Amino acid sequence: MPNIDFTLPHWAYWLGLILFPVAGMILARRAKPARPGYSVPLAYLILVTGGILGLHRFYLKSLLGFVYIPIFLCVLWGNAQERDARAAMSDATNLVKVAERTLERERPRLEAAEVDIEKFRAEAEAAEAGSFAKKSAERRLKRAEDGIVTGRERIALAEADLATAQPIAESARTDRAFWGNVARYAFYAILALLAIDALLVPGLVRRANALAALEPQEQSLIDEEMAEKAAQIDPDARKADHEWAENWIDRLSLYAGEFVSYWAVIAVFVYYYEVISRYVFNSPTNWAHESMYLMFGMQYLIAGAYAMLTESHVRVDIFYAPLTRPKKAWANLLTSVFFFIFAGTLLVTSYIFAMDAIAVPSGNSVVSNWARGQIGFGEMIGGLSLRDWTDPAIRWGEISFNEWEVPLWPMKWMMFVGGVLLVLQGVSKISKDIRAIARGA
């Protein structure tokens with residue numbers, strides 16, 4: 001199988017985290033058709049991203065998508081067998097190399113020892129009995145005899161290893177080539193099917209839309225009577241997001257929560273790419289996992305204000321739930337002191353972390369010099385250039401320690417942004433509670 005040698009550029013990662021949610025928010029606000037149908041652009045998107053599994057066929061209600069599955073399994077099986085054969089070949093080849101080096105080293109030694117041993121025997125026989133020379137000659141003779149025995153044992157063991165490992169290496173090399181070809185030709189078959197389907201997609205979409213027009217409209221699965229009773233018990237149970245917003249802070253929290261929610265879709269694409277790259281092309285990435293756990297860390301922090309606004313946090317409200325609105329407001333006011341201790345601490349410490357992150361002298365950017373107090377803010381702004389952001393040779397601020405070396409300071413600044421949003425939402429909630437107490441309802 002061909003290898004995929006692709007590393008996501010840092011600028012593409014951060015730009016994607018901004019542009020993808022913006023595009024998602026714009027598309028989500030488009031007018032919805034009266035009757036949903038199948039889309040040619042969406043079909044092509046699924047073909048490009050999931051066509052290797054036949055997902056575009058399943059999207060268009062075509063059972064021929066099942067043709068892709070056994071071929072794809074053949075790719076996976078071939079790659080798995082190829083990896084096993086490669087491991088066996090590597091072990092056997094190493095054993096062969098060790099045995100060959102042992103033979104190259106021990107055979108000359110053994111030949112030299114066998115030549116010298118006769119000399120040692122003659123010296124031992126010629127020496128006077130009981131003398132120091134006699135004992136010294138006998139020790140040399142004993143070492144030479146032991147060396148010959150040890151050398152012969154090492155040579156015999158190396159020859160046995162060589163005789164065992166060489167056939168294994170050859171067999172593993174043959175198996176690796178065979179299973180590599182199986183996976184490669186199966187993958188080529190999938191590519192051929194995808195090329196054919198790329199031409200057929202418009203017709204398949206028209207057929208799927210025609211069949212969908214003949215099907216009856218799906219009825220809502222929600223029991224309106226039960227929903228009304230649930231709403232009486234908990235008025236906020238079916239509250240839409242926009243109904244929570246009463247001021248600009250609430251709207252800011254809603255937009256922030258919606259923005260980072262689209263990052264979960266990015267994770268689907270990235271991990272899908274990682275799985276295909278690892279198990280189909282035998283080319284695991286060094287950036288997919290790190291990029292996603294950094295993204296989810298930022299998502300968790302920024303979405304905190306949204307969760308607070310929509311009361312999505314998990315809490316034990318055995319005593320809180322039965323209270324009336326004014327009593328809930330009093331409870332909120334009394335416990336808000338603990339919230340602001342946490343939120344304020346998060347805000348201050350995250351600002352310190354963020355400034356320390358860009359102050360790390362790992363590059364030559366003026367931003368790091370400003371964060372360390374070496375230059376003023378105006379001088380820093382005047383000295384910035386596009387090269388500071390796009391040149392891969394410049395590494396300013398704190399970076400990760402793995403091969404990807406992504407800057408970590410943006411994530412730490414998102415901690416500060418999340419803290420700001422959380423404090424603002426706390427202020428908004430307090431104002432609502434005060435109004436609820438004043439109104440008495």
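The buried residues of helix α9, where buried means under 20% relative accessible area with a 1.4 Å probe and protein chains only, are covered by elements that include α1 (10-28), α7 (248-261), α8 (263-279), α10 (304-309) and α15 (409-439); contact here means heavy atoms within 4.5 Å, and helices are DSSP runs of H or I with at least four residues, numbered from the N terminus. The model is predicted, so that local features need pLDDT of at least 70 and side-chain atom pairs count only at pLDDT 80 or more, while totals for chains, interfaces and linings use all residues. Residues are numbered from 1 along each chain as its sequence is written, and side-chain values use heavy atoms, with hydrogens and water left out.

The buried residues of α9 are Ala-288, Glu-290, Ser-291, Met-292, Leu-294, Met-295, Met-298, Gln-299, Leu-301 and Ile-302. Helix α9 itself comprises 15 residues (288-302) and reaches 21 Å from its first C-alpha to its last, close to the 21 Å expected at 1.5 Å a residue, the expected span being 1.5 Å times one less than the number of residues.

Helix α15, which is among the elements covering α9, also contains Lys-432. With a relative accessibility of 12%, Lys-432 counts as buried, and, when its neighbours within four places in sequence are left aside, Lys-432 is in contact with Trp-244, Glu-246, Asn-247, Asp-250, Leu-309, Arg-325 and Gln-425.

Two packed helices are described by the angle between their axes and the distance between the axes. Axes are lines fitted to C-alpha atoms, for helices over the stretch in contact, and angles run from 0 to 180 degrees between N-to-C directions. Helix α2 (residues 40-50) packs with α5 at an angle of about 155 degrees, with the axes 9 Å apart, and the two are therefore roughly antiparallel to each other, a term for angles over 145 degrees. In this contact, Val-40, Ala-43, Tyr-44 and Leu-47 of α2 meet Leu-194, Asp-197, Ala-198, Val-201, Pro-202 and Val-205 of α5. The contact residues divide into 9 nonpolar, no polar and 1 charged, where Ala, Val, Leu, Ile, Met, Phe, Trp, Tyr, Cys and Pro count as nonpolar, Asp, Glu, Lys and Arg as charged, and the others, Gly among them, as polar.

Helix α4 (residues 68-126) and helix α5 (residues 132-214) pack at about 165 degrees, with their axes 2 Å apart, which makes α4 roughly antiparallel to α5. By class, this contact has 39 nonpolar, 8 polar and 21 charged residues.

Key:
Buried < 20%, exposed > 50% of the residue type's maximum accessible area, 1.4 Å probe, protein only. Parallel < 35°, antiparallel > 145°, perpendicular 65-115°, else oblique.
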